[in-house]
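Here is a short tour of a protein model, written for someone new to structures. Have a look at the picture first, then read on.

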Amino acid sequence: MTNGENATPGLWQGFVAVIRRDLLLAWKRPGDILNPLFFFAMVCTLFPLAVGPSSEQLSLSGPGIVWVAALLATLLSLNSLFLSDFEDGSLDQLILSPQPLPLLALGKTVAHWLSAGLPLVLVSPLVAVTFHMPGRTVGVMMLTLTFGTMSLSLLGAIGAALTVGLHRGTALLSLLILPLAMPVLIFGARTVALAAADDAVSAGIYFLCAYCILALSLAPFATAAALKISNE
Amino acid sequence: MWKFLHKLASPPHFYDLSAKIIPWFIVPGAILVIYGTIAGLFYAPPDYQQGDAFRIIYVHVPAAYLSMLAYTVMAVSAGIGLIWRIKLSHAVAAGAAPLGAWFTFLALITGSIWGRPMWGTWWEWGDPRLTSELIMLFLYFGYMALRAAIDDTAKADKASAVLALVGAVNIPIIHFSVEWWSSLHQGATLVRADGPAMPTEMLYPLLAMILGFSFIFGALLLGRVRSEVLFRERRSRWVRSLVLSSGEQG
Amino acid sequence: MMEVLAMGGYGVYVWSSFGLTLIVVIICVVQVKRRHRQVVSDIKTRLRAMEADQ
């Protein structure tokens with residue numbers, strides 16, 4: 001990857017390069033993006049099938065189901081965040097780069113959100129419709145899912161870094177991340193439910209925003225530390 | 001002072017010192033727990049609303065308190081081990097985890113048992129404390145699972161330390177979010193009298209139980225760390241001579 | 001005596017809670033001791049094996 005300059009690439013260039021590389025890789029393998037989306041849609045279908053088509057029940061539990069499905073789909077996509085890099089040695093290169101590792105870890109996380117979280121947010125209205133979600137609620141849902149999936153990508157990157165290359169890392173990753181993701185789930189899903197009941201949603205949205213910012217400032221460092229430990 | 005701490009961090013010195021300290025934890029602990037149990041079961045007046053069922057508080061609250069104390073010890077010692085690279089500190093974290101998990105489990109079970117006569121059900125999602133404890137149990141499992149999944153001890157130490165610290169940051173957030181979640185539907189809480197609003201005949205046994213169990217936790221923790229240290233240093237000379245000479249039984 | 005056991009009708013709950021607590025503490029103590037004995041015996045076995053090699 002040459003950039004035609006003599007000097008070492010700066011922070012921003014390193015950051016963007018990581019994002020661009022991951023997005024390019026994801027673009028070349030559309031399955032990586034589409035599979036979690038299909039999973040998300042399918043999980044949303046499972047609940048009505050299992051619980052019954054009662055419209056009342058569905059509109060009550062709709063926000064929760066969408067959120068749980070989004071959480072699980074994100075977990076699914078987190079698995080491979082560092083896996084291919086670990087296997088082909090790119091992770092070594094990443095760690096040895098002159099750019100600070102937390103920044104590069106953040107880059108990978110951003111790329112993950114762009115290829116996993118954002119599509120989820122964009123697809124969510126389609127699923128919300130099947131749960132008879134009114135318009136304003138759908139808007140709140142998309143907003144909560146945006147901040148929520150960002151937080152999940154940030155938090156999940158830590159877990160992915162800790163479990164990369166471990167035997168049965170998949171199940172372990174879920175076990176590690178799910179308890180930590182509870183606040184995001186609680187505030188995300190309940191806020192959407194409040195919107196459906198025409199109650200105030202600002203508290204929930206502020207919390208999700210605050211959590212996202214906290215994760216943004218701390219998670220990359222934890223991820224970087226975890227990557228160095230896992231790569232030893 | 002630093003010299004003492006330096007000495008303490010050295011495994012053989014810790015091993016000797018801890019053997020002497022453990023009795024000093026067991027005896028006060030046992031006395032406090034015995035007093036607390038007897039006073040709490042037989043001498044504290046029955047609660048106005050809950051009758052004699054409230055006496056479960058004398059085991060439930062100490063268990064819950066210890067579950068959080070254990071996590072704090074685990075996270076702090078993991079952090080110290082990670083930042084200052086002290087192996088003994090990592091051993092303390094490893095030892096604290098299973099104890100913390102047991103106490104969390106105990107808090108959940110006693111909470112459930114207490115809830116049955118109070119709510120009529122064996123579980124009440126609306127109780128924020130119980131739900132938070134459940135999530136904390138999962139955090140403990142995650143920590144122990146990660147440790148178990150990594151073969152290399154040093155790597156397992158460091159990775160689980162990162163996890164413990166991330167969990168520590170999240171625990172207050174988890175508590176807060178569960179409180180908010182349960183407040184949306186006026187939930188039933190178990191412990192109706194949390195602070196000094198309790199009359200002294202009720203409070204003193206509770207404090208004694210909390211303090212007593214803390215001492216017992218300390219003794220158990222020291223015991224676990226001793227075994228852990230022995231195992232980690234099994235190839236070293238001091239362990240070899242110790243095992244061969246004294247016929248060390250523990 | 002029966003009053004004590006009955007605990008105002010809540011006897012089952014109160015006594016099972018205390019009983020479980022006692023059991024858990026005993027389990028923890030037993031676990032610690034057993035682990036210690038295991039570590040020591042493993043080390044002894046390995047040392048004997050090493051000596052036998054020499």
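Start with B:Arg85, which sits in the loop between α3 and α4 of chain B. (Helices are DSSP runs of H or I with at least four residues, strands are E runs of at least two, and both are numbered from the N terminus.) Before going further: this is a predicted model, where local features need pLDDT of at least 70 and side-chain atom pairs count only at pLDDT 80 or more, while totals for chains, interfaces and linings use all residues. Residues are numbered from 1 along each chain as its sequence is written, and chains are lettered from A and ligands numbered from 1 in the order in which they are written.

Back to the loops. Most residues other than glycine have a negative phi. B:Arg85 has a positive one, and A:His132, in the loop between α6 and α7 of chain A, has a positive phi too. With C-beta atoms placed from the backbone, a residue is buried if 20 or more other C-beta atoms lie within 10 Å of its own, exposed if 12 or fewer, and partly exposed in between.

| Residue | Phi | Other C-beta atoms within 10 Å | Exposure |
|---|---|---|---|
| B:Arg85 | near 55 degrees | 12 | exposed |

Helix α6 (residues 101–130) and helix α7 (residues 135–163) of chain A pack at about 150 degrees, with axes 8 Å apart. Axes here are lines fitted to C-alpha atoms, for helices over the stretch in contact, and angles run from 0 to 180 degrees between N-to-C directions. The pair is therefore roughly antiparallel, a label for angles over 145 degrees.

Next, the chains. Chains A and C have no contact, and their closest C-alpha atoms are 25 Å apart.

Finally, look inside. The largest nonpolar core has 158 residues, and A:Ala226, B:Ala70, B:Met74 and B:Val162 touch the most other members. (Such a core is a set of buried Ala, Val, Leu, Ile, Met, Phe, Trp, Tyr and Cys residues joined through C-beta atoms within 7 Å.) Helix α4 of chain B gives the most to this core, 17 residues. Leaving aside neighbours within four places in sequence, B:Val162 contacts A:Leu162, A:Ala222, A:Ala225, A:Ala226 and A:Ile229.

Definitions and conventions. Angles under 35 degrees count as roughly parallel, over 145 as roughly antiparallel, 65 to 115 as roughly perpendicular and the rest as oblique. Two residues are in contact if their C-beta atoms, placed from the backbone, lie within 7 Å.
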